[in-house]
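Subject: Structure handover

Hello,

Here is the structure I promised to pass on. Please open it first, then read my notes below.

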Amino acid sequence: MIPIIAPLKRRKLPIEVAKRYHDMIAEDIRSCDISLDNFTRTTDEAHYEIAKNFFKKLYDDGYIYREDIQQLYCPNCNKFLPDRYVEGLCPVCGSEARGDHCEKCGKALNPTELDEPHCITCGTTPVIRDTFQYAFKLSELEDELKEYINNNENLPANVKNYASNWLEEGLTDWILTRDMDWGIPVPLDEAKGKVLYVWIEAFLGYISSASQWSRVSGRKWEEYWNDYVVHFIGKDIIYHHSIFWPGLLKAYGCKLPDMIYAGEFLSLEGEKMSTSKNWVIWIADFVKDYEPDLLRYYLTINAPLNKDSDFSWDDFQRRNNDELADVIGNFLHRTFVFTKKQFESKIPEYTNPTEEDEEFRAAIEELPDKAGEYIANYEFREALLEIFKVAKKGNKYFNDAEPWKAVKEDKVKAANCLYLSNQLAKTLAYMLKPFLPTKADKIAEIMNLGTLDNWEDAKIPLPTGHEINKAKPLFKKIEDKEIEAQKAKLKENLKENEDETMSDLVTIDQFDEFVIKIGEVKEQSKKYSKRFREDISKNPEKYKNLQVRVCGWNVLWNNINKVEQDGFIKQAEGLI
Ligand SMILES: [Zn+2]
Ligand SMILES: [Zn+2]
């Protein structure tokens, strides 16, 4: 979902911004070897129809009702302000907050609750006016939703706790419509100029995507939806997915989601990521330098479900070198090279095993079920940890068995070691397929395994005499100098971004740095602010309600100077 105000900030049409992100994300998904049955966006005609019909049914069934409300209105823009078009201070914690949500304390807000509100388009302090919208009777569904959350064993702890806390506080009805000039129109004659709020319409994207899938696959969409629904979301939208969406589905009479998986936040080098500050690593850039498997691995192994995680280049290097290269890569390479050299590339016999052999064999055999259970429970990191535990065991077993010595003194011991090591290598190919698909396929190629589609095949041992191919190392270490270069590039991007503050365009983040109330400007750049101060003193009425957020006074003035004085406010709007 694209932030509702993104088009406004980038001076682009909503559809242009939507298309740009859609294409970018589609390419990221492709480049990271993620396959999807359907990847879509909510501009599809069928989506409009589905969303309107859904709303209409809930309205006809009495779940949606018209409500006279008070809403913020910008007298300068002459329009009611949807909640993301207002910012101000959070009434709970005092931080800068958006109209619907405080990022700092997580509180969902109503824009009229904000202290010191301002219109994000023009900076004017909005006024409260009477209007009407359509509300959803969420409060009526409280008991049913409590039942859904509390008795759902599939839900992970972070989702359950968060939703329960909300339910404890009691649910209130939820306004489902907004006054906007783009979006899906409310399907009622009396509702001219009103559109469906994103938090009903975007959800229905799940259903309309299932219907697109149905058109392509020729199967019924209900088949898809009624099978097993899992939502993968970020933790900032747990409330919407665990309470609001199930509430809408319940009211309509649809099956509720079976599982909601909420990832925690990911920071970069200890700092919050920011696309506007360029404090970010774009996937398109990452995959130019490294295989996508490495990113998939790092993000999975580094992301517990109970706390935020961080991407740092040093840690990425450490995990690649110490874990992928030293544990997995080393084990596989030794096994393959030794099999080729001492056993003519064929899996040797397994005879008269020792206790250690049998213990290791048991660990290999148990791995698919253990890792599989974790994956089935969405505990992906735990599955990887289990796989690594056995791979480490493999390295120790290989070291202890010393096949390079045994091959001369005790051929049976060496043969047993290589028989089992090859069995583990094969099992690893299957186990790593969901995490490192390209590497797993390479192992399969070396070992002549065919496709790795069936997890159960991991349990079938390779027969003695099965031939493997010549192998090259599968993982390579990342040098310090590469990592230094990546860190320097990241800092360079940030610096370039800072330099741009001296150009004649102001980014939205720079605007966010300072709030200057025009009426109170006292000490600004003498050169530029003098004319402006004079204008304020001559025309106080004109600037009465105006707040402009700027970082460099000269930057703003350079821009506004290009237009007529009367055009000033227009230009400032354009900049935001
Ligand atoms: Zn305004
Ligand atoms: Zn707050």
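**What I found**

Of the contacts in the protein with a separation of 6 or more, 69% are between residues 24 or more positions apart. Two residues are in contact if their C-beta atoms, placed from the backbone, lie within 7 Å. This is a predicted model: local features need pLDDT of at least 70, side-chain atom pairs count only at pLDDT 80 or more, and totals for chains, interfaces and linings use all residues. Residues are numbered from 1 along each chain as its sequence is written, while chains are lettered from A and ligands numbered from 1 in the order in which they are written.

**Overall**

The protein has 23 helices and 15 strands. Both are DSSP runs, numbered from the N terminus: helices are H or I with at least four residues, strands are E with at least two. Of the 576 residues, 29% are buried. Buried means 20 or more other C-beta atoms within 10 Å of the residue's own; exposed means 12 or fewer; partly exposed is in between.

Strands pair if DSSP finds at least two bridges between them.

Now the pairs, in order:

- Strand 1 (residues 64–74) and strand 2 are joined by two bridges. Here Tyr 73 is opposite Phe 80.
- Strand 1 and strand 6 (residues 127–136) are joined by 10 bridges. Leu 72 has Ile 128 as its bridge partner in strand 6.
- Strand 6 and strand 7 are joined by two bridges. Ala 135 is opposite Ile 175 in strand 7.

Three bridges join strand 3 (residues 86–89) to strand 4. Gly 88 is opposite Ala 97 in strand 4.

**A helix pair**

Helix 14 (residues 380–401) packs with helix 16 (residues 411–432). The angle is about 165 degrees, and the axes are 10 Å apart. Axes are lines fitted to C-alpha atoms, for helices over the stretch in contact; angles run from 0 to 180 degrees between N-to-C directions. That angle makes helix 14 roughly antiparallel to helix 16, a label for angles over 145 degrees.

Which residues meet? From helix 14, the list includes Ile 387, Val 390 and Phe 398; from helix 16, it includes Cys 417, Leu 424 and Leu 428. The contact divides into 10 nonpolar residues, two polar and one charged. Nonpolar covers Ala, Val, Leu, Ile, Met, Phe, Trp, Tyr, Cys and Pro; charged covers Asp, Glu, Lys and Arg; the others, Gly among them, are polar.

**Two loop residues**

Most residues other than glycine have a negative phi. Ser 345 has a positive phi, near 65 degrees. Ser 345 lies in the loop between helix 12 (313–343) and helix 13 (355–376). Ser 345 counts as partly exposed because it has 15 C-beta neighbours inside 10 Å.

Tyr 378 also has a positive phi, about 65 degrees. Its loop runs between helix 13 and helix 14. With 17 other C-beta atoms within 10 Å, Tyr 378 is partly exposed.

Best wishes

Technical notes:
Angles under 35 degrees count as roughly parallel, over 145 as roughly antiparallel, 65 to 115 as roughly perpendicular and the rest as oblique.
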